[in-house]
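Dear colleague,

I am passing on the structure below, together with some notes on what turned up in it. Please keep it open beside this message while you read.

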Amino acid sequence: AGTNAITEGESVSVDITPAQNLAKVKGVSVTKGYTKQYNGSAIILDADDFGTGKIVVGTLEYGTDFKVAGYKNNIKKGTMTVTLQGIGDYSGTKVVKVKIDAKTITK
């Protein structure tokens, strides 16, 4: 009594929702004028870099729907390539490019 055992030959139904592909998410962009400042070491993005006026990934949330999976050219002035990877209900990857400004030198 009270068990959910499955007997041999019994039909079982399981609902599976396929993950949505991050590569197909609309509205992924880096807001014009949004840059990172070179600081002498590798530039790493965090939750503060994603959102209105910064790096927008549709209506998805950093840490819930996607994470940063890797960087390329994120050590000096120029343009870094950031690979985002879907997590949770999302799979796949999406690449965004972020400009790195030269370090400000003060006298």
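Asp 65 lies in the loop between strand S4 (55–57) and S5, where helices (H or I, at least four residues) and strands (E, at least two) are DSSP runs numbered from the N terminus. The model is a predicted one, in which local features need pLDDT of at least 70 and side-chain atom pairs count only at pLDDT 80 or more, while totals for chains, interfaces and linings use all residues. Residues are numbered from 1 along each chain as its sequence is written, and side-chain values use heavy atoms, with hydrogens and water left out.

Asp 65 is buried and yet has no salt bridge, the nearest side chain of opposite charge being that of Lys 67, 13 Å away. Here buried means under 20% relative accessible area, exposed over 50% and partly exposed in between (1.4 Å probe, protein chains only); a salt bridge is a side-chain nitrogen of Lys or Arg within 4 Å of a carboxyl oxygen of Asp or Glu, and for charge Lys and Arg count as positive and Asp and Glu as negative, with His and the chain ends not counted. Leaving aside neighbours within four places in sequence, Asp 65 is in contact (heavy atoms within 4.5 Å) with Leu 60, Gln 85, Gly 86, Ile 87 and Tyr 90.

Strand S5 (residues 66–72) pairs with strand S6 (residues 78–86) in the antiparallel sense over 6 bridges, pairing being assigned if DSSP finds at least two bridges between two strands. Among the bridge partners in S6 are Thr 83 for Gly 70 and Thr 81 for Lys 72. The hairpin of S5 and S6 has 5 residues between the strands, and Asn 73, in that loop, has a positive phi near 60° although it is a residue other than glycine. Most residues other than glycine have a negative phi. Asn 73 counts as exposed, at 51% relative accessibility.

Gly 78, in strand S6, is partly exposed with a relative accessible area of 26%. Not counting residues up to four places away in sequence, Gly 78 touches Val 98, Lys 99 and Ile 100, and its C-alpha atom is separated by 9.9 Å from that of Lys 36, 42 residues apart along the chain.

As for the sheet, it is an open one of 4 strands in the order S3-S8-S6-S5, with mixed pairing. Strand S3 (35–37) and S5 stand at the edges with a single partner strand each, so one side of each is left without a neighbour in the sheet.
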